[in-house]
Amino acid sequence: MRLDKLIETEWKTSRKQMKRLFLMGKVRVDGKIVYQENKNVDSLIHQIEVNGQRLKTTDTYYLLNKPQGVVTANRDKLTTVFDLLAPEDQRGDLAAVGRLDRDTEGLLLLTSNGQLGYDLLQPKKKVDKVYEAKINAEVTVNDVQAFAQGIIFHGGEQCQPAKLEILTSTPTESTVRLTLREGKFHQVKKMFLVTGKKVIFLKRVAMGPLQLGSLSTGSYRALTQAELLSLKPYFR
Ligand code: URA
């Protein structure tokens, strides 16, 4: 949560009073005086103090293993990722960090911390997104090289270099692992289309330091303290 908003709501200050607290050096994060009003904080990983008093935040962070057939949308006539949450875990300000296609499975972070979600998606933050995919053809070292050079979509859009690893390959089917640092619309499918191949199964297995691990399809859980701590560098 933004530090300025936290102070305004917890201390019930006016905007002007809040700004004064910053100017007077009364706001500390992890023991250091901060002047950055829009600093993103979470009391689970930051020690937030105003005038020596601790402040607590209430953001939530869920790691979901999205199943196929479920849409990454707030509202839809189909089942949405938010419909998978138990009633007690629902809250109106939760948003998905990026989107997975309806037929894509895997890791999706849902959080009420909109600033963190936004920052994790910025290409300049270089957050790796790792996918495992099944392809309807033989994936070759030529493809690995083309992905490493940066695929150019039909239409001219240039992708950043991506790491393609071949896990298994036969003339009719391959499994691969692909690591991207950006998130263009239908990116993995479109990258393979450029090479004349089709993605027939797609699953995201990691995003930055977060790993899907053994979380079963359709399940979700709160991020652990260690996972949240691993996201601390992305809190602006
Ligand atoms: N790339 C795709 O093509 N689809 C997804 O859902 C995610 C990445």
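Helices (H or I, at least four residues) and strands (E, at least two) are DSSP runs, numbered from the N terminus. With that in hand, welcome to a set of close-up views. The model is predicted, so local features need pLDDT of at least 70 and side-chain atom pairs count only at pLDDT 80 or more, while totals for chains, interfaces and linings use all residues. Residues are numbered from 1 along each chain as its sequence is written, and side-chain values use heavy atoms, with hydrogens and water left out.

**View 1. Asparagine 51 sits in the loop between β3 and β4 (53-54).** This residue has a positive phi of about 55 degrees although it is not a glycine. For background, most residues other than glycine have a negative phi. Asparagine 51 counts as partly exposed because its relative accessibility is 43%; buried means under 20% relative accessible area, exposed over 50%, and partly exposed in between (1.4 Å probe, protein chains only).

**View 2. Asparagine 40 belongs to the loop between β2 (32-33) and β3 (48-50).** Its relative accessibility is 0%, so asparagine 40 counts as buried. Among the residues that asparagine 40 touches are Met1, His46, Asn113 and Phe235, leaving aside residues up to four places away in sequence; contact here means heavy atoms within 4.5 Å. A polar atom of the asparagine 40 side chain lies 2.9 Å from the backbone nitrogen of methionine 1. A polar contact is a pair of N or O atoms within 3.5 Å; within protein, one must be able to donate a hydrogen and the other to accept it, and residues adjacent in sequence count only if both atoms are side-chain atoms.

**View 3. The largest nonpolar core has 29 residues.** Such a core is a set of buried Ala, Val, Leu, Ile, Met, Phe, Trp, Tyr and Cys residues joined through side-chain atoms within 4.5 Å. Leu110, Phe147, Leu178, Val188, Met191 and Phe192 touch the most other members. This core lies between domain 2 (61-123 + 212-234) and domain 3 (128-207), because both give residues to it; the domain bounds come from an automatic or database domain assignment. A second, separate core of 18 residues includes Tyr61, Leu63, Leu212 and Phe235.

**View 4. Helix α5 has buried residues that pack against several elements.** Gln187, Val188, Lys189, Met191 and Phe192 are buried in α5. The partners of the buried α5 residues are β7, β8, α4, β9 (163-169), β10 and β11. Valine 188 touches Tyr131, Leu178, Leu180, Val199 and Leu202, again not counting residues up to four places away in sequence. Just after α5, glycine 196 takes a positive phi of about 80 degrees.

**View 5. The ligand has Leu100, Asp101, Thr104, Tyr131, His186, Gln187, Val188, Lys189 and Leu202 around it.** Each of these residues has a heavy atom within 4 Å of the ligand. An N or O atom in the side chain of aspartate 101 is 2.7 Å from a nitrogen atom of the ligand. A polar backbone atom of histidine 186 is 3.2 Å from a ligand oxygen, and for glutamine 187 a backbone N or O atom lies 3.4 Å from an oxygen atom of the ligand.

**View 6. Histidine 186 lies in the loop between β10 and α5.** Its phi is near 50 degrees, a positive value in a residue other than glycine. Histidine 186 counts as partly exposed because its relative accessibility is 31%.
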